[in-house]
Amino acid sequence: MTIDTPDPQAVCSPITSSAIFIVATLNAGTDAEARVKGWCGDLAGLVRSVGKRVPAGNLSCICGFSSSAWDRLFGSPRPASLHPFREFGGAGRHAPATPGDLLLHIRADQMDLCFELATQIMIALGDAVTVVDEVQGFRYFDMRSIIGFVDGTENPVGRKAVNFTIVGDEDPDFSGGSYVLVQKYLHNMNAWNELSVEAQERVIGRKKLSDIELDETVKPSNSHSALTTITTAQGEEVKILRDNMPFGRPGAGEFGTFFIGYARSAEPMEQMLENMFVGKPPGNYDRLLDFSTAVTGGLFFVPSADLLEELADR
Ligand code: HEM
């Protein structure tokens, strides 16, 4: 990214303690299209108005569009790596594609900020969209996922985070943008908790208490960490930026992870999903999936903050 690159949305903002994830479909009709487009120019102002009230609350909102929503709202040119979510796996171990045209990733260090911004955004979008999934995520102790392991350790930071997530010269019309992949997972906590801590550590590939990576000589090839570590043909590691959040309703027996990953193209995230669901080599699938079921799946393009404003007039 150079100094001339448009400002990205808040993709590389620090992880917060609260988040709301909203996936919505675009309703039929040109009125709905016009309203969503107009809202693209208003979103930054809404975030400023709500966020200014608690400056230390780190409120941000990222907005992404699905492939079909992009075509319908903005047409050509279109982001090079944007396509419908690719499904992976089959019966028993499946990453399904589910409906969704618009993704909102609202983050703050206080849930009231997320809640207020989500409320204002829904008022602004009105009957132009139908919300098909809404998840409130929370920080669980020392950055743990709901299955008890620290989540996010291997995320790139600083300049590396930007390099791995923000589109550059490879797609000049869309530089400053990013791709985001989301999946909602539900965990079978009874089965998970029946495993010993050592067995769980072999599933993840890290120590549970200390979060230290298992030595390569003992880390199973079907561990989550082994299958999501990917490299280029030249042997360089390719990272993505994850901001997963636990969610759930203990009274209903629901325990979940909202997976959200950002990258410079869809390809690395799809490679990881293939390794997890199909296996590497095929059949050597991610053991975490024996305890986790993906119930949603969507791929979205996040335009730069500058382009998002311009899209209002396209
Ligand atoms: C069932 C939902 C998931 C849970 C609970 C989960 C949890 C974890 C945990 C605990 C770690 C180890 C610590 C860390 O580096 O963050 C990890 C690592 C990682 N996960 Fe996941 N994850 C999930 C789904 C996914 C998916 C769907 C992808 C990719 C599409 C993914 C990509 C990664 C990557 C890239 C790493 C770092 C690997 C490394 O460099 O060692 N995860 N995940």
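**Close-up views of a predicted model**

**Figure 1. Confidence along the chain.** Elements are DSSP runs numbered from the N terminus: helices are H or I of at least four residues, strands E of at least two. The chain average is 97, and 99% of the residues score at least 70. The model is predicted, and local features need pLDDT of at least 70, side-chain atom pairs count only at pLDDT 80 or more, and totals for chains, interfaces and linings use all residues. Residue numbers start from 1 along each chain as its sequence is written.

**Figure 2. Surroundings of the ligand.** The ligand is surrounded by 26 residues (C-beta atom, placed from the backbone, within 6 Å). The closest are F149, T153, E154, T228 and M272. At least two residues of this shell come from each of β7 (178–187), α7 (224–228), β12 (254–263) and α8 (267–277). By class, the shell has eleven nonpolar, eleven polar and four charged residues. Ala, Val, Leu, Ile, Met, Phe, Trp, Tyr, Cys and Pro count as nonpolar, Asp, Glu, Lys and Arg as charged, and the others, Gly among them, as polar.

**Figure 3. Packing of α1 against α3.** Helices α1 (residues 30–51) and α3 (residues 111–125) pack at about 155°, with axes 10 Å apart. Axes are lines fitted to C-alpha atoms over the stretch in contact, and angles run from 0 to 180 degrees between N-to-C directions. The angle therefore makes α1 roughly antiparallel to α3 (over 145 degrees). From α1, R35, V36, W39, D42, L46, V47, V50 and G51 meet L113, E116, L117, Q120, I121, A124 and L125 of α3, contact being C-beta atoms, placed from the backbone, within 7 Å. This contact has ten nonpolar, two polar and three charged residues.

Figure 4. Most residues other than glycine have a negative phi, and most peptide bonds are trans. S76 and P77 are joined by a cis peptide bond, with omega about -5°; P77 lies in the loop between α2 (67–73) and β3. Another cis bond joins K280 and P281, with omega about -10°, and P281 is in the loop between α8 and β13 (292–294). N58, not a glycine, has a positive phi of about 55° and sits in the loop between α1 and β2 (60–65).

Notes:
Angles under 35 degrees count as roughly parallel, over 145 as roughly antiparallel, 65 to 115 as roughly perpendicular and the rest as oblique. Two residues are in contact if their C-beta atoms, placed from the backbone, lie within 7 Å. pLDDT is the predictor's confidence in each residue, from 0 to 100.
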